[in-house]
Structures are given as structure tokens and as C-alpha cells.
Amino acid sequence: MSRTGRVLLIDDDAAIRTVVREALRREGHEVETAASLREGRAKLAAFKPQVLLTDVVLPDGNGLDAVPALIADHPAMPVIVLSAQNTLATAVRATEQGAFEYLPKPFDLTELGRAVGDAIAMGGAEAGPEAAATTGDELPLIGRSPPMQEVYRTIARVIGNDLSVLILGESGTGKELVARAIHDLGTRQARPFVAINMAAIPRELIESELFGHERGAFTGAGQRTAGRFEQAQGGTLFLDEIGDMPAEAQTRLLRVLQSGEVSPVGGQRSIKVDVRIIAATNKDLPALVADHAFREDLYYRLAVVPVRLPALRDRGEDIGELARHFLDRAAAEGLPRKSLDLAAVERLRRHPWPGNVRELENLMRRLAALTREEVVTASVVEAQLDPARRRAAEPQALAGETDLAQAVEAHLTRLFAAHGRDLPPDGLYDAVLAEVERPLLRLSLAAARGNQLRAARLLGINRNTLRKKLSERGLDPAELRRNA
Ligand SMILES: Nc1ncnc2c1ncn2[C@@H]1O[C@H](COP(=O)(O)OP(=O)(O)OP(=O)(O)O)[C@@H](O)[C@H]1O
């Protein structure tokens with residue numbers, strides 16, 4: 001299949017026209033250029049290009065808006081959109097408008113050559129199914145740094161199809177957010193998005209959670225229960241922390257993906273499922289494969305399209321925008337409105353962010369709630385980032401703090417803010433414990449399908465202690481069992 005052909009470039013920047021023309025000619029393409037949409041339309045008719053490259057902001061209109069009209073008479077012609085507006089919204093709109101690819105400026109010429117070659121090789125082949133139209137609401141992902149643009153381009157490429165996506169990135173880099181964005185922008189948006197975290201479910205319960213179980217499949221399995229696969233029917237199943245999946249569950253998952261059917265635990269039946277799979281991990285999955293801790297065949301099945309989320313420290317230019325976004329959000333939630341001065345943003349950029357965006361989000365909430373100044377300066381940031389001083393102020397905010405501790409901290413911060421700077425209300429200690437203990441008891445009973453002995457074992461306490469705590473917290477085990 002040929003990878004060279006006729007290319008038309010519409011761009012009002014003469015330097016770009018020259019550079020792109022020369023680069024593509026060197027690769028064997030025939031290239032014509034135009035400086036406006038009007039000129040482009042004329043050349044389309046005369047030159048009959050096989051690929052159209054267009055800039056977005058043009059003197060006589062918007063190249064992105066013009067795509068459908070430009071390709072109306074040439075439905076098979078792939079269009080590559082070049083743009084300096086590097087947001088997820090532009091990448092997604094380009095795809096919605098029927099563009100074959102979207103390249104953010106400044107692009108690299110090798111990348112451009114590759115995209116043009118792919119487009120020509122694809123020739124008149126049918127484009128994939130149309131992506132669902134977006135509502136035009138604000139898209140959830142923030143950041144315009146080059147690694148985020150790469151992420152947006154990949155998202156734009158997978159929203160019109162059902163390919164399996166594997167999202168890789170450190171904790172707190174936005175893996176779940178990306179999974180939701182793919183679902184919400186894609187053709188399955190009206191169907192369920194179901195998430196399951198392999199690290200948060202007791203290993204022995206993972207299979208019945210995923211695939212469901214029949215009545216009496218194991219002690220405590222009172223009735224037939226649908227698994228997450230069935231719950232996600234027609235929609236998307238997000239398998240979070242996939243690197244923590246036990247070996248037997250991996251084998252079973254692979255079988256489901258190959259056959260498109262699930263067999264609930266303890267039964268003979270199989271149920272057809274139509275589910276898009278998005279998996280995520282913060283582990284080095286290829287290394288787990290090499291160590292035989294993760295099945296290689298499953299890995300390839302899941303990683304059809306890998307998405308690598310950058311660590312926050314590797315996209316320093318996004319920190320200011322993210323920080324302001326989180327301050328706005330804190331203000332919208334009722335915390336005092338704060339702004340950052342330039343030196344404060346500089347200070348934030350020098351922090352290594354082991355907890356990534358989640359850590360930045362929590363820090364912004366803390367600044368909004370706990371600092372007096374309306375304009376946050378570098379020294380205020382410094383004080384909040386300084387582990388020694390923070391430890392003195394907030395003993396739970398230590399270096400290795402868990403997600404749970406951070407979530408609790410965020411919640412408490414809101415609670416304190418809601419009470420202004422007054423002393424906290426009476427009985428706060430017990431009130432907070434009750435808030436944590438109640439869901440803990442409820443969830444462990446649900447996980448044990450209402451069986452108190454199993455729930456107590458899960459929690460590592462004895463059954464009498466469990467009973468006592470249930471009654472202290474005003475929880476009725478019979479009712480919980482009915483709802484389990
Ligand atoms: N690009 C982004 N723009 C705005 N908010 C973001 C972005 N990335 C992450 N966040 C926010 O940071 C927090 C952590 O994101 P998320 O839970 O998606 O991370 P994760 O990688 O799935 O974390 P973990 O590996 O710990 O499960 C969320 O509150 C999310 O909304």
C-alpha cells in the first residue's frame with residue numbers, strides 16, 4: 001500500500017507552509033499549499049488531494065468548523081487538523097468533525113510525516129463509527145503541556161470505537177478521570193460506567209464481584225447476584241489497579257474477554273456481555289509480565305491502546321492552571337476564595353508531587369481552608385509544603401499518607417471551614433469516628449453478603465466486637481443483610 005500521494009496544506013503562516021511543503025516533498029509527496037479557506041477550496045477542486053492538512057485559525061474562517069464542508073465533496077479524504085489550541089476540547093472536536101488526526105502545534109515533522117503516510121495508506125477506507133456528539137460542556141481534564149496533548153489525542157482516537165484501553169500512570173495522575181472521559185465522550189455514554197478497584201476488594205471476593213454468583217455458590221451467598229460485567233452491560237467497565245488482580249481471576253477474565261460471556265461463580269450458565277474494557281495501573285505491568293505475576297496474553301488483550309499519564313512533576317507548565325482550577329472549585333464548594341501570586345506558582349512547580357494531581361488538589365483545599373491571606377504567596381505555600389511545619393500543624397499529613405487519610409483530611413478540612421474559625425463542635429472526635437466506622441461496618445457486611453462471621457474475619461475483629469460496634473453505631477444487621 002502506498003504511503004505517498006497528493007497533499008494539500010491550508011495555513012496562513014508562510015513559514016509553516018514552506019517547512020511542511022519541503023519536508024513532505026522530501027518524503028515523496030506532491031504538495032500544494034493555500035493561505036486561506038477560499039484558496040484551499042479552489043485548490044481542492046483542481047488538485048484533488050488525497051490528504052488535507054488544515055490549520056484552525058485562518059483569515060477567512062475556522063478550519064475546524066470548515067472540515068465537514070471541505071470534505072463533503074470528497075468523503076473519502078482524510079483530514080489532519082493542525083492547531084495551536086491545545087486542549088482536549090479541540091482534539092475531541094476535530095474527531096467529531098470527521099478529522100482523521102489532530103496534531104497540536106508546534107508539531108514535529110517526523111510525526112507529521114507519519115500521520116500523512118498513515119492517512120494515505122488508509123486511502124478511501126471507511127472511517128470508524130462516528131463518535132457521539134459532546135454536549136459542549138466543559139471537559140474535565142486540565143493541562144495543555146505536550147504530554148497531556150498526547151493523552152488528548154489518544155482519547156480522541158478511542159472514543160469512536162470499542163478498543164481496550166490501558167491507562168498507565170502514578171497514583172493521582174488522573175487515570176480514573178481519563179477512563180470516565182473516554183466513556184462520557186464515546187458512543188456508550190448513555191449506558192453505565194462501572195468501576196471496580198482490584199486493590200480495594202478482598203482477593204477471595206474479586207471473582208464473584210466481577211462475574212457475579214449463583215444462589216448458594218459459597219457460604220453466605222444468599223441469592224443470585226449480578227457481577228460488575230453484567231452491571232456494565234452495554235457500557236464501560238473500568239478495572240482499576242489491574243496489576244493487583246489475583247492469578248485465577250486473571251485467567252477467568254481472559255476467558256470472558258475471549259468469549260464475550262460471563263459465567264457466574266457456582267453455576268453452569270453463561271451470559272453474553274457487551275462491555276468496553278478500560279484498565280488502569282500504577283504498577284510496571286510489563287515487569288509483572290516478565291516476572292510471571294501477570295498473564296502476558298491478558299496484558300496484550302488489555303493494552304490494545306496504552307495511554308501514559310504524565311507525572312505532575314513532568315508537566316510543570318500545567319501546575320498554575322490546575323492549582324487555580326482547584327482553588328475555584330474550593331470556592332464553589334463554599335471555602336474562602338483565594339488566588340495565587342506568580343511566586344507561589346513558581347514554588348509549586350519546584351515541588352516533586354509524589355501524590356501528583358490529587359496531592360495538588362488537597363493542598364489547594366488546605367490553602368483555601370486554613371490560610372488567612374486572600375492572595376497566597378510563595379512563603380505560604382512553602383509553609384504548607386514544609387513537612388516539619390505541616391507535621392506540627394496536622395499530624396495525619398505525613399509523607400506516606402494513604403488515599404484514605406487524604407480523603408479524610410479533605411473532608412475534615414471542609415468540616416472545619418464550615419464552622420469558620422470557631423472551635424470545632426462538641427464531640428468531634430466521636431463524630432468523625434462514627435462517620436468512618438459506619439461505612440466500614442456496612443461495606444464489610446455487604447462484602448461478606450451479610451454473614452457476620454465472615455465480616456468480622458474480614459475486619460480482623462471478633463464477632464462479638466462486630467455486634468457491639470453495629471449496635472453502638474445504630475446499624476441493624478438484619479436490614480443490612482436484606483440490602484446486601
Ligand atoms: N488533568 C486533570 N485535570 C483536573 N483534575 C484532575 C486531572 N488529573 C487528575 N485530576 C484530579 O485529581 C484527582 C485524582 O485523579 P484520579 O482519581 O483520576 O487519579 P488516579 O490516577 O486514578 O489515582 P489512583 O491511581 O490513586 O487511583 C481527582 O480528584 C481528579 O479529579
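Colleague: Let's start with α6 and α7: how close do their axes come, and at what angle do they cross?
Modeller: In this predicted model, the axes of α6 and α7 come within 9 Å and cross at roughly 35°.

Colleague: And what makes the hand of that crossing right-handed?
Modeller: A crossing counts as right-handed if the near helix is turned clockwise from the far one by less than a right angle. The crossing of α6 and α7 is assigned that hand.

Colleague: Which residues make the contact between them?
Modeller: On α6 they are V151, I155 and V158, facing V178, A181 and I182 of α7.

Colleague: How do you know the class of the residues in the contact of α6 with α7?
Modeller: Val, Ile and Ala count as nonpolar, and the contact consists of valines, isoleucines and an alanine. The tally is therefore six nonpolar, no polar and no charged residues.

Colleague: What makes α14 and α16 roughly parallel?
Modeller: Helix α14 (residues 342–350) packs against helix α16 (residues 378–385) at about 30°, with axes 7 Å apart. With the limit at under 35 degrees, α14 and α16 are therefore roughly parallel to each other. The contact joins A343, A344, E346, R347 and L348 of α14 to A378, V381 and E382 of α16. By class that gives five nonpolar, no polar and three charged residues.

Colleague: Finally, the ligand: which of the 17 residues around it come nearest?
Modeller: Those are I142, G174, K175, E176 and V357. The shell divides into four nonpolar, seven polar and six charged residues.

Colleague: Which helices and domains supply that shell?
Modeller: α7 (175–185) and α15 (356–370) each give at least two residues. Domain 2 (162–308) and domain 3 (312–418) each contribute at least three.

Terms used
Residues are numbered from 1 along each chain as its sequence is written. This is a predicted model: local features need pLDDT of at least 70, side-chain atom pairs count only at pLDDT 80 or more; totals for chains, interfaces and linings use all residues. A residue is near a molecule or strand if its C-beta atom, placed from the backbone, lies within 6 Å of it. Helices (H or I, at least four residues) and strands (E, at least two) are DSSP runs, numbered from the N terminus. Domain bounds come from an automatic or database domain assignment. Axes are lines fitted to C-alpha atoms, for helices over the stretch in contact, and angles run from 0 to 180 degrees between N-to-C directions. Angles under 35 degrees count as roughly parallel, over 145 as roughly antiparallel, 65 to 115 as roughly perpendicular and the rest as oblique. Two residues are in contact if their C-beta atoms, placed from the backbone, lie within 7 Å.
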